[in-house]
Structure formats: C-alpha cells, structure tokens
Amino acid sequence: MAHEEDPLEHERASWKPSPGLAVAVPDPVQNSELAPHRERTTDTDPAAMNRAVRTVYTLFYLSVAASIWAVAAYLIFPIEDGQVVAIRHNNMFIGLGIALALLAVGIGAIHWSKAIMSDKEFVEPRHATRGRDATREASIKAFADANEESGFGRRAMVRNSMFAALVASLVPGIVLFRGLAPHSSPSEPHAGDPVYLLSHTMWKKGMRLAHDPSGVPIKASDVTLGSAFHVIPEDLAKLTPSEGYLDQKAKAIVLLMRLPVDQLHPAPGRENWGFDGIVAYSKVCTHVGCPVALYEQQTHHLLCPCHQSQFDVSHNAEVIFGPAARPLPQLPIEVDSEGYIVAKSDFHEPVGPSFWERH
C-alpha cells in the first residue's frame with residue numbers, strides 16, 4: 001500500500017545520475033519556500049466579500065444591458081438610406097455597446113478570480129503522465145475542490161449573471177447578420193428576394209454590349225476568332241456607386257468570344273443565340289460566384305481560378321471539370337443596324353451559384 005500511495009514510484013527507478021554531466025555547484029540556489037500567506041480583505045471581512053459578489057454580478061448584468069443596447073442601436077440608427085452620418089452613428093453606438101459588453105464580462109471575471117475565489121497557495125509535485133487509479137480519483141477531487149473554492153456551484157447569482165452576460169454578448173452579432181441581406185421596400189419590393197434579384201439583370205432587348213470598364217460599345221467586326229472580351233451593359237457605365245453600380249455589375253458581367261462556326265454545338269432552341277460564331281456567357285461562376293476570367297483559345301475552355309471549374313464554350317459552356325454544378329448562363333445576342341452587338345433579352349436563368357436556382 002505504501003508503494004500505491006507514491007505517485008512517482010515508477011519514475012524513481014529511472015532517475016539515475018549521469019556520470020558525464022554531474023556538476024558540483026559551490027553556491028547552489030536555496031529553496032526560498034513560499035512567502036507567508038497574505039489574507040485579502042474579502043477573506044477576513046464578510047461585508048467586503050458581499051460587496052465583491054455584488055460588484056461581480058453587477059458587472060455581468062451591465063454586460064447584458066450593453067448587449068441589449070447594441071441591438072437597440074442597430075434598430076434606432078438604420079443605415080438603409082446610405083447617408084455617411086447614419087453609418088457613422090450606427091457603427092459608433094453598436095461598437096460602444098459591444099465593447100462595453102465584452103469589457104464588463106472581462107472585468108467581472110477578473111474581479112471574481114481575485115476577490116472571491118480561493119486564494120490559497122499550494123505546491124503540486126510532478127507526477128507521471130499516466131497516473132494510477134488513485135491519481136485519477138485525485139483529479140476528480142481537484143475539480144470538486146476547485147468548484148468548492150471558486151464558489152461556482154454555490155454562488156448562483158454570480159454564475160447565472162455570467163452565463164446571461166456571455167449569452168447576451170452573442171446577440172448583437174447575430175442581429176447584425178440581418179444587415180448582410182438586402183431589404184424590400186415599397187419602392188423596391190423585390191430588393192429582399194435573392195432569387196428574383198439573380199434572375200434579373202440590366203440586360204434587356206437592344207442593350208449594347210460594351211467593354212469593361214470603359215463602357216465603349218463593341219461591334220461584331222471587332223471580335224476576331226480566338227478573342228475574348230470582358231463585357232458590361234452599355235448603360236452600366238452611367239451608374240454611380242450610390243446607384244448600385246457594383247451590385248448591377250456583379251450580376252451582369254459577361255465574357256464574349258468568337259469561335260469557328262463549325263466548332264459550335266448549340267443546344268436545341270439556342271441556334272440563334274449567337275452571331276457568326278460570337279457567343280456570350282455569364283462571367284459569374286456557378287459554383288460560388290467567382291469571376292470566370294481565363295479563356296483557353298485552342299480548347300475553347302473557360303477556367304475559374306478560384307476552384308478550378310472548367311466550362312466548354314463550344315458545347316454551351318457545360319461543366320467539364322471542377323465543383324460547378326451547372327453550365328454558365330448564356331446571354332442571347334444579335335447585331336443591330338449599326339453593326340453593334342446587342343442583347344436579345346436578359347438571361348433565361350439565374351446567374352451565380354447553383355443553390356439560388358434550387359431555391
């Protein structure tokens with residue numbers, strides 16, 4: 001039983017002095033022992049302990065209130081109008097609420113550990129990594145002692161207020177996710193419907209295809225065999241950032257290419273969607289929406305650099321490699337009386353990642 005109580009027994013057998021490394025030190029460091037224990041005010045004065053407990057749970061409830069304020073600030077200071085002042089106020093008051101919520105949790109936890117939890121010094125001898133059953137039982141007892149000394153199980157007000165503060169601190173972040181999605185309004189009833197938004201772009205019948213970003217219209221005679229043009233609607237260049245330039249461009253960007261007519265294999269019903277070997281496809285990858293910007297002239301393949309999806313332009317931009325789940329949407333085009341390439345209509349399917357189409 002004496003050996004069973006010794007946690008270092010199986011390590012002592014390997015503690016042998018090295019004959020080549022022993023060094024005699026003339027003035028070895030003396031064990032200074034532990035300094036005399038210094039009791040805190042809260043250890044000797046019950047009233048001080050009660051004040052500390054009240055301070056801690058007050059800080060935690062202050063954190064709860066700050067988290068609620070952050071949510072309220074999100075509603076009180078909207079940013080839908082896009083005004084700089086509104087955005088400044090929104091960011092400032094939400095930030096102050098979140099900062100105060102986290103700061104109060106931190107200060108409360110530190111004050112709890114310094115003023116309320118047990119303040120006894122102890123020495124823990126090193127032991128084997130793999131302890132015996134007695135060691136494991138001692139570990140369980142250590143957790144029980146820690147619970148008793150910290151008061152976590154006994155001080156319900158402190159514990160519950162901390163839980164409330166931690167849970168409440170997550171609420172502002174969850175609420176702010178709402179601002180990531182567009183919102184409908186009487187003037188824009190479909191602004192909050194992603195499926196509708198991705199099913200409709202700026203392209204319409206007669207809209208000229210123009211160079212990105214200059215907005216210069218493109219003539220059919222400019223598109224030579226093997227060439228590829230990055231294209232936007234002509235009217236897009238007239239929009240300002242506040243009028244949704246980037247949002248519209250993100251949906252309407254197109255790649256325009258010209259292939260030998262005998263190498264094109266249009267799907268049934270799409271025989272007249274191109275002009276003399278010129279075809280146009282959405283530049284937005286159907287995997288996660290990256291720009292499909294790399295064109296292999298000899299193979300007529302489009303490559304998405306993000307996740308390596310490849311599309312065969314000669315066969316309706318079908319997926320031939322990678323994670324994309326469907327072909328790139330094709331833009332029907334024709335040539336107007338002045339020789340400029342124009343759209344015959346909008347896309348006939350949603351642009352962008354496939355999951356929108358499956359909504």
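Which residue in strand 2 is the bridge partner of Ala210? Select Ala210 and then Ile232, which is that partner. The model is predicted, so local features need pLDDT of at least 70, side-chain atom pairs count only at pLDDT 80 or more, and totals for chains, interfaces and linings use all residues. Residues are numbered from 1 along each chain as its sequence is written, and side-chain values use heavy atoms, without hydrogens and water.

Next, show strand 1 (residues 209-211) and strand 2 (residues 228-233), which pair in the antiparallel sense over 3 bridges. Strands are DSSP runs of E, at least two residues long, and helices are runs of H or I of at least four, numbered from the N terminus. Two strands count as paired if DSSP finds at least two bridges between them.

Move on to the open sheet of 4 strands, ordered 5-6-7-8 with antiparallel pairing. Strand 5 (294-296) and strand 8 (318-321) are at the edges with a single partner strand each, so one side of each has no neighbour in the sheet. Inspect strand 6 (residues 301-303) and strand 7 (residues 310-312), held by 3 bridges; Leu302 stands opposite Phe311 in strand 7.

Finally, select Leu62 in helix 3 (residues 46-76). Leu62 counts as partly exposed because its relative accessibility is 39%, where buried is under 20%, exposed is over 50% and partly exposed is in between (1.4 Å probe, protein chains only).
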